[in-house]
Amino acid sequence: MLEITCPYDGDCGRRFAPSAMDAADGAFLTTAIAKKMTFMFLHCPACARMFQFNPVAWTAQACEAVAPKAARVAKKSGKQLEKLLAREKVALPLAYLEHLRSGKSRSDVAIFTDEDHFTLYRLDQLCQDVEVDGTKYLAVRQLAGFALALAQAAGTASKQAAPFSPAELAACLAIGEEATRILFIDSRDNDTLWIYHPDGGDVDRTRLTVSALLGPGAP
């Protein structure tokens, strides 16, 4: 195969053979080529950042899809943060908002017993900027960026992110992460917790809900 050039040429820009990627990315690329996909996410083996890739045109584009931990914003008070969320029409479940207001919100949650815990965003982290496909979103609203990218790449009939439509996915609120995976609240019932995979556009339903997350005996 041809070499791929990391699109983050400001501090990386390394050219590498597909065989240099990890096994998961390599297998995904092989499948994407066979299916003539034009949109996917890969990771640079040198800088480890995610980027958008078109296997048909063999072009890479920076997306900085995962940035909430690296983002820096001026420190705001709790009331200022809540006003920002209200201005962006972010309506967190009231019980969860009260949990974040308490100042003693939990820092992580075990979604799968045999895997790493998901880090849960604090109130200020929900309001940090995340860049998805060249556009900035609040971390809590980052799925809107992924939904737009999926819709543009494959149309509204895309099977990616099913059973969510692009509009439903865009309305979902991200509340945590583990590596590249994003933990989010189902916009349709405002309670069920799901996981979004930016590298493939797929979603997994968890056995948890916001109610269970905050209740007695929570994981």
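Reader: What is the relative accessibility of Glu115, and which class does that give it?
Author: Happy to start there: this is a predicted model, in which local features need pLDDT of at least 70 and side-chain atom pairs count only at pLDDT 80 or more, while totals for chains, interfaces and linings use all residues. Residues are numbered from 1 along each chain as its sequence is written, and side-chain values use heavy atoms, with hydrogens and water left out. Buried means under 20% relative accessible area, exposed over 50%, and partly exposed in between (1.4 Å probe, protein chains only). Glu115 has a relative accessibility of 34%, so its class is partly exposed.

Reader: Which residue forms a salt bridge with Glu115?
Author: A salt bridge here is a side-chain nitrogen of Lys or Arg within 4 Å of a carboxyl oxygen of Asp or Glu. Glu115 lies in the loop between β6 (108-109) and β7 (118-120), and its partner lies in strand β11 (residues 181-185), so the pair ties together parts that are 66 residues apart in sequence. The closest N and O atoms are 3.0 Å apart, and the partner is Arg181.

Reader: Is Arg181 buried or exposed?
Author: Arg181 is one of the residues that His197 touches, along with Asp202 and Asp204, not counting residues up to four places away in sequence; a contact means heavy atoms within 4.5 Å. With a relative accessible area of 14%, Arg181 is buried.

Reader: How many residues apart in sequence are the parts that Arg49 and Asp11 tie together?
Author: The side chains of Arg49 and Asp11 meet in a salt bridge of 2.4 Å, N to O. Arg49 lies in the loop between β3 and β4, and Asp11 in the loop between β1 and β2, so the distance in sequence between the joined parts is 38 residues.

Reader: Where is His43, the residue in contact with Arg49?
Author: Helices (H or I, at least four residues) and strands (E, at least two) are DSSP runs, numbered from the N terminus. His43 counts as buried, at 17% relative accessibility. Leaving aside neighbours within four places in sequence, its contacts include Asp25, Arg49 and Asp199. The place of His43 is in strand β3 (residues 40-43).

Reader: Within what arc do the buried residues of α1 fall?
Author: In α1, the buried residues are Asp25, Leu29 and Ala32, whereas Ala23, Ala24 and Ala34 are exposed on the other side. The arc is that of the directions from the helix axis to the C-beta atoms. The buried residues of α1 line one face of the helix, because seen down its axis they fall within an arc of 65°.
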